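Keep the sequence at hand along the way.

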Amino acid sequence: MWEGLLPSQPIRFPADFAWGVASSAFQAEGGDVPNDWVEWARRGEVPPNPGNGFWERAEEDFRRVAGLGVRHYRLSVEWSRVEPERGRFDEAALDRYRAICDAAAAAGLVPWVNLFHFTHPCWFAARGGFLEPANHGDFLRYAERVGRALSPHARHWHSQNESMIYVFGAYLVAEMPPGLRDGEAAVAMTRTVLELHARTYGILKAIDARNRVATIEVYMDWHPEDPADAGNVRAVEHLDRWYNGAYLDALATGVLALPGREPVEIQGLAGALDAYGLNYYNATRIGPSGVASWSERAGAPVDAMGRLVHPAGLERGLLRVARALPGTPILVTENGCPTTDEDFRIRYLAAHLAALERARRAGAPVEGWFHWTAVDNYEWRHGFSDARFGLFGFDPRTLERTPKKSAHWLQSVISRGILDPADLP
Ligand code: FCB
């Protein structure tokens with residue numbers, strides 16, 4: 001199954017390669033916060049989220065993660081904690097996020113703070129969310145408030161996580177709140193997320209010019225189900241042009257040129273990028289039978305969410321970003337797999353680190369790699385299930401953490417700076 005996917009030679013990583021782990025506020029913290037996902041869970045659309053205890057245990061989690069040799073920690077801020085009602089900022093929540101950044105630093109980890117990872121406060125959703133241009137100022141006011149509270153406790157910022165998946169998931173395919181299926185809304189939101197990135201970039205830079213600001217997109221490696229069907233091929237090309245091509249070109253040039261639409265210039269976007277965060281999990285096939293995971297190999301390994309392992313998509317994505325955004329440093333800001341089988345996880349990681357290395361050798365300026373995630377957490381539509389991405393598991397009663405076999409494996413890769421195929425299960 002894994003033949004041809006795993007590295008056959010030792011891979012040596014540069015001494016300054018940034019090893020990180022990634023998490024998001026709501027997925028790790030959970031709890032009864034006033035946001036739209038909690039509301040969706042109440043309505044039975046998604047499972048409820050008790051969290052994994054990170055909000056109270058960040059300090060100990062940082063020590064554990066640092067013990068693996070990891071030096072970077074990606075986290076996000078839950079807007080509904082910081083601004084539970086419109087215009088009322090909760091200073092205690094801001095203090096906690098500041099303490100979290102400081103605790104990361106004290107443990108030897110560089111905190112990378114993301115301002116938007118899918119969830120909105122209920123008050124914002126009730127006012128029409130991002131679809132209503134008059135509401136954009138609410139997000140920017142929140143971004144400024146958090147920027148002022150956490151600079152210089154954090155120097156690395158992400159304006160958004162996977163904004164295009166958010167656009168498609170929330171406005172085109174109804175898999176995230178507000179659950180729309182509306183092509184025009186998705187087009188409008190493509191422009192909105194880019195505008196918000198540009199303005200957030202400006203805000204964070206004005207607070208402190210030393211802030212390093214990036215955005216994060218998950219690379220979707222789209223394939224037609226039937227490459228002999230011209231209509232299928234065209235539809236996938238259109239989708240790819242929208243999701244990947246136009247988005248990357250807009251970041252490079254400041255002009256958003258969606259297929260079949262008039263190009264629009266987005267103020268402040270050109271040059272508003274200090275690094276690019278690329279997330280990657282798997283490849284996707286679109287066609288007459290719908291949307292499914294894709295691999296060209298018969299019998300490719302399958303994870304606990306039914307996704308086929310396809311590391312070549314990571315290599316392709318990194319090279320594409322490197323071509324589209326010349327000179328911009330790239331970080332793989334999420335990569336990992338849902339499984340309860342530790343041998344599977346280790347092989348998945350080795351296969352993807354090998355793909356990353358191929359892209360680096362071909363010239364993609366990849367500065368680091370963040371594992372998704374540190375401690376098992378809530379996976380949006382799957383809740384707490386076998387879709388476990390963590391290097392650490394936890395006991396749901398005591399919340400006590402236990403390192404998995406993959407944590408020990410990663411620790412040895414980082415400490416030696418070498419991924420040795422001889423160490424693979
Ligand atoms: C990514 C999301 C992240 C997590 C992983 C598994 O697309 O950014 O929140 O759910 O998938």
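Helices (H or I, at least four residues) and strands (E, at least two) are DSSP runs, numbered from the N terminus. The model is predicted: local features need pLDDT of at least 70, side-chain atom pairs count only at pLDDT 80 or more, and totals for chains, interfaces and linings use all residues. Residues are numbered from 1 along each chain as its sequence is written, and side-chain values use heavy atoms, without hydrogens and water.

Start with the backbone. T373 is found in the loop between strand 14 (366-372) and strand 15 (392-394). The peptide bond that leads from W372 into T373 is cis, and its omega is near 10°. P178 belongs to the loop between helix 8 and helix 9 (183-207).

That loop also holds A174. A174 is not a glycine, yet its phi is positive, at about 55°. L399 is another non-glycine with a positive phi, here about 65°. Look for L399 in the loop between strand 15 and strand 16 (401-403).

Now turn to the largest pocket. On a 1 Å grid over the protein atoms alone, a pocket is an open set of points where a 1.4 Å probe fits, with protein on both sides within 12 Å along at least five of seven lines; lining residues have an atom within 4 Å of a point. The largest pocket holds about 1,000 Å³ of space. Its volume is the space filled by probe spheres set on the points, which are joined across faces, edges and corners.

The lining has 35 residues, and I165, E175, M220, M305 and R307 lie nearest the centre. Helix 8 (163-172), strand 11 (283-287) and strand 12 (290-294) are the elements that each give two or more residues to this lining. Helix 8 gives the most, with four. By class, the lining has 20 nonpolar, nine polar and six charged residues. Here Ala, Val, Leu, Ile, Met, Phe, Trp, Tyr, Cys and Pro count as nonpolar, Asp, Glu, Lys and Arg as charged, and the others, Gly among them, as polar.

Where is the ligand? It sits in the largest pocket, in the sense that more than half of its atoms lie within 2 Å of the pocket's grid points. Around the ligand are Q27, H117, N161, E162, Y281, E334, W372, E379, W380 and F389, each with a heavy atom within 4 Å of it. This shell divides into four nonpolar, three polar and three charged residues.

Polar contacts come next (pairs of N or O atoms within 3.5 Å). A polar side-chain atom of E162 is 2.7 Å from a ligand oxygen. E379 also places a polar side-chain atom 2.7 Å from an oxygen of the ligand. For E334, the distance from a side-chain N or O atom to a ligand oxygen is 3.1 Å. The ligand taken alone exposes 300 Å², and the protein buries 92% of that; these areas come from the Shrake-Rupley method with a 1.4 Å probe.

Definitions and conventions. Polar contact = N/O pair within 3.5 Å; in protein donor to acceptor, adjacent residues only side chain to side chain.
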